[in-house]
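Hi there,

Here is the structure I promised to send over. Have a look at it first, and then read on for what turned up.

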Amino acid sequence: MANNQTLVQRVALVIQYQGTHFHGWQRQPNQRTVQEEIEKTIASFINEPVTLHGAGRTDAGVHAAAQVAHFDVSGPIPAHKWATILNSRLANDILIRGSARIDYAWHSRFTAIWRRYRYTIYTDKQPNLFVMPFVWHYYQASLDPQLIQAALNPLIGHHHLAAFQRAGSCRPHSWVDVQEVMCERKGPFIYIEVQASGFLYGMMRLLVGLLIQVGTEELSLESFTDIWVNQRRDIVKHSAPASGLCLLRVGYPEFPFPQEVWYDNMPRFILG
């Protein structure tokens, strides 16, 4: 590899995947994962192993509208050609939105300055086949998006969010810089978005699970805030289903892709 340094290039990818049939992003033994599937596809083309580095690790069943990853590869193939090459070989639940050459100092995970997730809740009592893979079908009680927004607002800032961290994390701390929060209703759909420097293991799903209790007025705003301020992980019992969660996009100081490739690739549902 070192002898062919002039032929080595670092290639960045913007990746979409429907997480339903994946056991998450990260490579795992005897499980179908996004990372391994793309790595194997690249390796089958260049006849040598490759490691794909992602901006974040999504859980089993979680989707991505614009996951970002990179790999190093030697050979004459221009970086911008990799999107077409991979799309011709990957399964139909993964799509490469774009590929580009980036500097060796650029890293999909460590250069990122924020990630943004969207959680979608479908509140109509009548199920709908065409939305079910991408939502939490919650219709058991009325939800107030204004209460959910009010609960989210105090999270903006630098906070210790251990209350929203699942067991098994290897992260050395649970401090998170939350930059933006949003909750709004569009017809039968409620959208919750959080942008932060990084996310704890299981954070969004645990957060949404507790926000549901706020939205139904089962839990007061004061109690919600008290739970996370005092790191009461024992009170956070319910994790929202993976189907409603999507890694919306990842932000970088410098990014080689035009906005239409990465910015807002998950359409919102419109019924009627």
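A word on burial before the details: buried means under 20% relative accessible area, exposed means over 50%, and partly exposed is anything in between, with a 1.4 Å probe and protein chains only. Please keep in mind that this is a predicted model, in which local features need pLDDT of at least 70 and side-chain atom pairs count only at pLDDT 80 or more, while totals for chains, interfaces and linings use all residues. Residues are numbered from 1 along each chain as its sequence is written, and side-chain values use heavy atoms, with hydrogens and water left out.

Let me start with the annotated site. An unreviewed UniProt entry gives Asp59 the annotation "active site"; UniProt positions are in the numbering used here, feature names are shortened, and annotations may be inferred rather than shown by experiment. Asp59 sits in the loop between β2 (53-54) and β3 (63-74). Helices (H or I, at least four residues) and strands (E, at least two) are DSSP runs, numbered from the N terminus. With a relative accessible area of 16%, Asp59 is buried. Beyond its neighbours within four places in sequence, Asp59 is in contact (heavy atoms within 4.5 Å) with Gly24, Arg166, Tyr201, Gly202 and Arg205. The unreviewed entry in UniProt also places "domain: Pseudouridine synthase I TruA alpha/beta" at residues 15-110 and 153-253. Over residues 15-110, the chain is 20% helix and 27% strand.

Next, the charged pairs. A salt bridge here is a side-chain nitrogen of Lys or Arg within 4 Å of a carboxyl oxygen of Asp or Glu, and the structure holds 15 of them. One joins Glu193 to Arg118, with the closest N and O atoms 2.8 Å apart. Glu193 lies in strand β9 (residues 189-196) and Arg118 in strand β5 (residues 114-122), so this pair ties together parts that are 75 residues apart in sequence. Glu193 is buried at 3% relative accessibility, and Arg118 is buried at 2%.

Arg118 also meets Asp264 in a salt bridge (3.6 Å, N to O). That pair links strand β5 to the segment after α6 (259-262), 146 residues apart. Asp264 is partly exposed, with a relative accessible area of 44%. Glu193 has another partner in Arg268, at 3.3 Å from N to O. Arg268 is in the segment after α6, so its pair with Glu193 ties together parts that are 75 residues apart in sequence. Arg268 is partly exposed at 31%. These residues belong to a network of salt bridges that links Arg116, Arg118, Glu180, Glu184, Glu193, Arg249, Asp264 and Arg268.

Finally, the nonpolar side. A nonpolar core is a set of buried Ala, Val, Leu, Ile, Met, Phe, Trp, Tyr and Cys residues joined through side-chain atoms within 4.5 Å. Which residues touch the most other members of the largest core? They are Ile38, Leu152, Phe164, Ile192 and Phe224, out of 82 residues. Helix α4 (residues 203-215) gives this core its largest share, nine residues. Ile192 touches residues including Arg118, Leu152, Met204 and Leu211.

Happy browsing, and do write back with any questions!
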